[in-house]
Amino acid sequence: MSAVANLAADAWSSMLRVLLHYRRSPGLLAVSLAVPVLMVVVFGYVFGSAITVPGADTGASGASGASGASGAGPVDGYREFLMPGLFAMVAVNGIMPTMVGAARDVGRGVTDRLRSMAVSRTGLLLGQTLADLLVSVVVLALLAAVGLVVGWRIRGGPADALGAFGLLLLFRFAMTWVGLLLGLAVGKEEAAGQLVVAVFPLAMVTNAFVPTGGMPGWLAAVAEWNPMSAVVQAGRDLFGNPSAPAAAWPMQHAVPATLLWCAVLLLVCGPFAVRKFATHGT
């Protein structure tokens with residue numbers, strides 16, 4: 001059997017192992033599906049009426065003047081501004097389950113047993129990332145459905161919308177490799193669980209929930225060069241949703257910036273994760 005066929009077979013087996021874990025842990029899948037819905041409610045309804053986004057009032061959902069007068073227009077406009085940010089949040093959250101899962105396998109000796117077998121190291125890790133990608137497709141589909149219910153609309157064409165979802169999945173794929181590298185480096189499930197809190201600032205110091213124009217200059221610069229902000233801006237551009245102006249290069253060229261960030265993350269984290277997996281404990 002060729003090296004490519006071996007890699008594909010090992011990736012398939014590894015993917016099934018992870019999906020079987022989800023099947024045996026329905027609570028884990030339920031949480032993965034419930035959290036995005038709760039985020040729409042919290043940010044869209046609780047914070048939506050208190051946050052004004054430049055240009056969002058007119059992007060509300062084709063609402064009439066009477067609708068805008070009732071106060072529904074600005075809130076709906078914020079939800080259209082918000083949804084690409086929540087989609088990107090789902091992508092960034094790919095760090096957490098893979099990081100904890102990789103650390104759990106190291107701590108329980110699963111990694112050592114797998115390393116002792118005549119299997120492709122790259123294939124094993126690739127299977128884990130592909131399993132996560134399949135789960136994220138379901139989560140994104142549910143979140144999109146909830147978004148449509150609460151007033152979010154796709155204003156661009158079908159090709160642009162598919163491109164936006166493709167970028168989100170690519171970014172999620174890159175984030176899972178970041179999670180794998182961190183989990184293998186930490187090596188303990190408890191430590192990985194505590195490290196999860198580090199993802200929160202990464203997601204909050206962005207343009208996902210509020211425009212960067214209201215931030216202090218130094219913080220706005222950090223937010224606009226945050227990889228997640230490029231993904232969010234690319235989503236807003238492709239979905240045709242409202243967005244606030246920003247001068248940073250990633251905000252002006254969001255799609256190329258997203259592709260560049262994904263390439264960098266994959267080229268750096270992928271090989272290092274495979275090497276860490278192959279040399280663990282040696």
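**Salt bridges and their surroundings**

Modeller: R172 forms a salt bridge with D132, their closest N and O atoms lying 2.7 Å apart; the term requires a side-chain nitrogen of Lys or Arg within 4 Å of a carboxyl oxygen of Asp or Glu. The model is predicted: local features need pLDDT of at least 70 and side-chain atom pairs pLDDT 80 or more, while totals for chains, interfaces and linings use all residues. Residues are numbered from 1 along each chain as its sequence is written, and side-chain values use heavy atoms, without hydrogens and water.

R172 belongs to helix α8 and D132 to helix α7, 40 residues apart; helices are DSSP runs (H or I, at least four residues) numbered from the N terminus. Both R172 and D132 are buried, that is, under 20% relative accessible area, with exposed meaning over 50% and partly exposed in between (1.4 Å probe, protein chains only).

By this rule the count comes to 3 salt bridges. In another of them, D105 meets R17 at 3.1 Å, N to O. D105 lies in helix α5 (residues 95-107) and R17 in helix α1 (residues 3-24), so this pair ties together parts 88 residues apart in sequence. D105 is buried at 11% relative accessibility, whereas R17 is partly exposed at 34%.

E80 and R155 also pair through their side chains, at 2.5 Å, N to O. E80 sits in helix α4 (residues 72-92) and R155 in the loop between α7 (121-150) and α8, 75 residues apart. E80 is buried with a relative accessible area of 0%; R155, at 39%, is partly exposed.

Note on methods. Helices (H or I, at least four residues) and strands (E, at least two) are DSSP runs, numbered from the N terminus.
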